[in-house]
Each structure stands twice: as C-alpha cells, then as structure tokens.
Amino acid sequence: MIVYRYTPRALVGDYMRAGIGFALTAGPATIAPLGSVAQYVLAPLAGLFAVFAARTWIRHAARLEFGPERISLAGPRRASLAWSKLRSVKLSFYSTRGDRGEGWMQLTLRGAGGYDGETIRVDSALDGFADIALRAAVAARNNRLELSAATLANFGALGIEYPPPEQGAT
Amino acid sequence: MLAYLARRIMIMIPTLVAISAIVFIIIQLPPGDYLTTMIAELQAQGEPVSLDKIQFLREQYGLDRTPIEQYFHWFFGMLQGDLGWSFEFNLPVSEVIGERLLLSFVVAFTTLVFTYIVAFPIGVYSATHQYSWGDYGLSFLGFIGLATPNFLLALILLYFANVAFGISIGGLMDPQYVDQPMSWEKFLSVLAHLWIPVIVIGTSSTAEMIRLLRANLLDELQKQYVVTGRAKGLPPRRLLVKYPLRMALNPFIADIGSILPHLISGSAIVSVVMSLPTNGPMLLRALQSQDMYLAGSFLMIEACLIVIGVFLSDLLLAALDPRIRLHGGATK
C-alpha cells in the first residue's frame, strides 16, 4: 500500500486564494447596506471562498492509500473504492488561461455505491497522480468502461494509452 | 470545479477593479466637466451665469475634489450599490437607468432568442445539405443579412410596418403608453412594436451565426470519428446530435461573453434611428454632456457583463469539454 499526500506548495497557493478572495468579498459585503444588490452578489462569493478554504484544509489533511485492490481516502473525509467496483472514470483538465496552458487535472472515480464503491476525486497536485491515473485506466479497461472523448484526450496528454496493453503483451 | 470557480473569480476581481479605474480615466479625459458644458450651453443661449451658483454646484456635485478622491468616492459607492448622481436628470443614476435597463433587456433577450431559433436549424441544414439548392439559397440570404446596414433595414421596416399594419413610427410602444405604469394594454403595445427592432438588430447576428455553425459543423462532420460512426451503422440523426453538433456548439458558448454587454449598449445607432427607449441613446447623451457618473455607470455595467459573460462561457466550456490542448502547458 502506497500513501500519497497533496504537495504543500500547491496548497499554499489555494490557501492564499481562499483568504484573499474571502477578504475582498466579505469585507465589502459587510459595509454594503443590508439587502442591497452588492450584498446579494458579494455574500455568496464570500461563502464560496469560505467553502474553498475548508476544502483546501480537507485536502491538506487528506491521505490517499493506493494499492492493487483498492484506493482509499483517509483524513477528515473518508472514502474507499475497490478497483473491481469502479463504474466511471472521468479525467478533466482545467485552466484559467486563454491558451489553456498551466492548468491542472482532476480524476473522478465513481464506484457502484455502498461499501468499497464510493466516489473519490483527486487532482494533479497530489503526489503520484500519474500512477493513480494509470491504475484507473487499467481498471476501466478491465471493467469495460466507456470513456468520454475529453477523458481519452487527457489520458493521452499524460502519456497513457487507452486501453492500456495487458500485462505481458507486446 | 470548485477550485476552477475560485481561481476564475480571483481573476475577475482585479480585472473589474482595473476596469473601473480605466473607465473613470476615460470619462475624465475630455477637457472640463458637466458644469463647464452646461455653462457653455447657457452662454451660447445668451443667459447670464452666476459664478457663485456655479461654485455652489461644483461643491454640491463633488467636482471640486481631486480626480482620485472622486474615483474612490464613486468606486466605494458602487460597492455599496450606489451608482452616483446624474447631473443632467438630477436623480440617482439607479433611478435614471432603471426602466430603460428593463426595456433594453427585453429587446436584447428577444433578439437573442430570435437569433438562436432562426440560426440554429438553418445552420444545421446548410451543413448537412452542403452545396444543395437549399444551402445556396440560405447562404445567399445570410450574406444579404450580413451586408445590409441595420439602420437602413430599420427605416425600411418602420415604413413597411406603418403602411401595412398601422404601427406608429418609432418607439417601443404607442405614444399614449409612454410614462404610464405597466398594464396589459401597454404590454400588448410593446409586443406589437417589438418585432421590428428584434428583426433589425437580430438579422446580422443571425446571418453571422448561420455561417459560423455551418463552418464548424462541416469541420466536425469530416472528422474520422464521424466516418467510423457512420461505418458502424449509427443512425444519421443520432450520430449528428451526439457528437459533431455538440462539438460545433463550443464557439457559441464561447461567444456568450460578447452577447451579454448588448443587454446594455445594444445597438445604440439602431435605437437612435428607431427612437427606442433603451440604454444605448442615453449612454450616448451622457457621454456628450459629460454626465460622468451616468456614463461611468453604464460603461461599468457593460464591463461587468463582459467579464461575467466570459466567466459563464469559460465555466460552461470547462463543464462540457474539459479537454487539454496537447500543445498547451504542462500540468503540475
């Protein structure tokens, strides 16, 4: 069983974004007159940054245990997914830049539900993300899952051929 | 997606602050201010101008302060929902633009619906029946739509609507309903007048959209996955709707950013020609008379709508097609 964590460098950036965003939206929201349009716009944004800060903390404390049979998330949020119960794989790429460079990936693994069939999301700031993506591709092939065009393209960008060749095949 | 949302909003905030500063600089750039324009008009009419009164008004409107003080006063006012004071109307800006904003929205939204309803089936038909008589005929109509100046079409339609249907020339309702509270009769009058500006403003964008959808869909229809789907015996309609049409829609989604600002400025020249009580002519008038807070608020609302529009289209694109571009940057 290998244990992976999120890199502190990526999390520092997210903590800063959450803090600055919250200050810039919650501050004006408190000085705006009660019930004004500005308050209706800014208060939900402040809420969003607060949720983002909480999510960053959850990722900070998260530990991902990765093995040949299952992948499990430990920490404030717990989930477990056996590879045999994997029902959907989605690999998305997000970028805030116009040329779509310098973005990040998010891997969503959905199970059949119930014990060892929960949903687990990891993003590319996690150590060993490429290993997990490769194992997910193998499990998707074994479970005969159909992947979207975007997921296939993103696997290709990580250097993962889909379907991956069987072990021992030439 | 939450991380994307937070990062994207973090980009919007400094963008809007920078835009507010640029807008304020632009409306301050012409020499003088609203009062100097007013004095010049009064002097041109031969009316006496009291210097004491001018000084009083300058202090009253805050025009004696430095531009930086005026900017921060305006900016923090906006954060509290106060758009400032219109010198020309002697009313808060929010009250001046209130009803016009609603009518502008009605015209712009109806035009948008008209554009999509007309352009979408025609674009799909033209692409799936490339080089047919229907494609040639519709493309010809599209080029006419692109080439005809809006104001010319407006004049022709105004004349035609008056002669054929007896609809009053100009405006968005019959004259007796202007400045009246909303009623069923007023609503029907607005509906009877609405189709003219909708066709006038919508024609060129409809033609543009037909060309764009046709070109995008033709590109997609020639790709290998479509050929494979066809070879595997997928029904043509299902094959079209499931993949190529969805891919061809990406530029439409990306275009939302440029559609939203039309809700505010929406075809100012057409509005002047057709005497529409929308925001375009009022923005023009505010810029001419240097009614700085009114003009600034219009420009700021327009800038906000552009930023929100681009944000919405980015969100939709990220949700619908979260694909990496292989020539793009690395992931971390």
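I start with a bend: helix 5 of chain B bends by about 30° at Glu99(B). The bend at a residue is the angle between axes fitted to the seven residues ending there and the seven starting there. Helices here are DSSP runs of H or I with at least four residues, strands are runs of E with at least two, and both are numbered from the N terminus.

Some bookkeeping. This is a predicted model, in which local features need pLDDT of at least 70 and side-chain atom pairs count only at pLDDT 80 or more, while totals for chains, interfaces and linings use all residues. Residues are numbered from 1 along each chain as its sequence is written, chains are lettered from A and ligands numbered from 1 in the order in which they are written, and side-chain values use heavy atoms, with hydrogens and water left out.

Back to helix 5 of chain B. How far apart are its end C-alpha atoms? They are 50 Å apart, which agrees with the 52 Å that its 36 residues should span at 1.5 Å a residue. The expected span is 1.5 Å times one less than the number of residues.

A nonpolar core is a set of buried Ala, Val, Leu, Ile, Met, Phe, Trp, Tyr and Cys residues joined through side-chain atoms within 4.5 Å. Buried means under 20% relative accessible area, exposed over 50%, and partly exposed in between, with a 1.4 Å probe and protein chains only. The largest core has 46 residues, and Ile9(B), Trp74(B) and Leu294(B) touch the most other members. Helix 1 of chain B gives the largest share, 12 residues.

Leaving aside neighbours within four places in sequence, Leu294(B) is in contact (heavy atoms within 4.5 Å) with Ser86(B), Phe89(B), Val93(B), Val96(B), Ile97(B), Met282(B) and Ala286(B). A second, separate core has 34 residues, among them Leu81(A), Leu86(A), Val89(A) and Ala137(A).

Now chain A. The chain has four helices and seven strands, in the order β-α-α-β-β-β-β-β-β-α-α from the N terminus. Its C-alpha atoms fill a box of roughly 70 × 35 × 30 Å along the principal axes. Of its 170 residues, 45% count as buried. Among contacts with a separation of 6 or more in chain A, 57% are between residues 24 or more positions apart.

Chain A has an open antiparallel sheet of four strands, in the order 1-2-3-4. Two strands pair if DSSP finds at least two bridges between them. Strand 1 and strand 4 (79-82) are the edges, each pairing on one side only. Neighbouring strands are turned by 15° against each other on average, direction ignored; axes are lines fitted to C-alpha atoms, for helices over the stretch in contact, and angles run from 0 to 180 degrees between N-to-C directions.

Going across the sheet, strand 1 (residues 2-4) and strand 2 of chain A share three bridges, with Ile2(A) opposite Phe66(A). Strand 2 and strand 3 (residues 70-74) of chain A are joined by four bridges, with Arg63(A) opposite Ala74(A), and they form a hairpin with three residues between them. Four bridges also join strand 3 to strand 4 of chain A, where Ile71(A) stands opposite Leu81(A). Helix 3 (residues 129-142) of chain A packs on this sheet, touching strand 1, strand 2 and strand 3, and its direction makes about 45° with that of strand 2.

Which residues of strand 2 of chain A lie on the covered face? Leu64(A) and Phe66(A) do, while Arg63(A) and Glu65(A) are on the uncovered one. In a regular strand the side chains alternate between the two faces of the sheet.

The other sheet of this talk, also open and antiparallel, has three strands of chain A in the order 5-6-7. Strand 5 and strand 6 (residues 104-111) of chain A pair over eight bridges, and the partner of Ser88(A) in strand 6 is Arg110(A).

Last, one residue in helix 8 (residues 184-221) of chain B: His193(B). Is His193(B) buried or exposed? His193(B) is buried, because its relative accessible area is 3%. Its contacts, beyond four places in sequence, include Ile167(B), Gly170(B) and Asp174(B).
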